Amino acid sequence: MKIYIAGASAELARCKEAITIAREAGLEITQDWTLVVEMAASLTPEAASDPAFLKRCAAEDMQGIEAADVFWLLLPEAESQGALFEFGYAVRERGQRYTDDDLDRALEILISGPRVKTVLWTQADRKFTSDAEALAYILDRAVMESCCACNAGEPFPAVCEKAKP
């Protein structure tokens, strides 16, 4: 499963932890923007705020969202323009896929965090009050999608054989 994990650069540790866990579980991270944030911190202020650099970063993030099966927003404690932009772009991408009848590539939008009851929650497919709950859902979904019976279009088995130890 391909996933884009969004969040606030001010909460980089939280975002990096979610990305690391997802990657170690075998999910494909479509764009690890946290690496770009870390790299930008080593640049001069002029280079880090260069319009061409920022435009390239935004384009890479948008491509990551477009390539994802799941968009997960770690809803920041404080306002984050980048995270809100990414959320809005994901909502637009989901709508575009329905318009294009690309239902095989439906984008599921998840949000997690204590501030989940904001105006944003109305556009998310699933809401979780903690990142751990969202991650458990994502990992369960990944296991079910990898199950042979599920991929064959058959009903979900009561217990997926591949999930058994």
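Predicted model: local features only at pLDDT ≥ 70, side-chain atom pairs only at ≥ 80, totals over all residues.
Helices here (H or I, at least four residues) and strands (E, at least two) are DSSP runs, numbered from the N terminus.

## Ground rules

Residues are numbered from 1 along each chain as its sequence is written, and side-chain values use heavy atoms, with hydrogens and water left out.

## The largest pocket

A pocket is an open set of points on a 1 Å grid over the protein atoms alone, where a 1.4 Å probe fits, with protein on both sides within 12 Å along at least five of seven lines; lining residues have an atom within 4 Å of a point. Volume is the space filled by probe spheres set on the points, which are joined across faces, edges and corners. On that basis, the largest pocket holds about 460 Å³. It has 21 lining residues, and Val37, Cys57, Asp61, Gly82 and Glu86 sit closest to its centre.

Which helix gives the largest share of the lining? That's H4, with seven residues. Helices H2 (33-41), H4 (51-67) and H5 (81-99) each bring at least two. By class, the lining has 13 nonpolar residues (Ala, Val, Leu, Ile, Met, Phe, Trp, Tyr, Cys and Pro count). The rest are two charged (Asp, Glu, Lys or Arg) and six polar (the others, Gly among them).

## The nonpolar core

Nonpolar side chains tend to be buried together in soluble globular proteins. Here, a nonpolar core means buried Ala, Val, Leu, Ile, Met, Phe, Trp, Tyr and Cys residues joined through side-chain atoms within 4.5 Å, with buried meaning under 20% relative accessible area, exposed over 50% and partly exposed in between (1.4 Å probe, protein chains only). The largest one has 34 residues, and Ile3, Ile5, Phe71, Trp72 and Leu73 have the most contacts inside it. Strands S1 (2-6), S3 (70-74) and S4 (108-112) and helices H1, H5 and H6 (131-146) each give two or more residues to this core.

Ser112 lies in strand S4 and is buried, with a relative accessible area of 0%.
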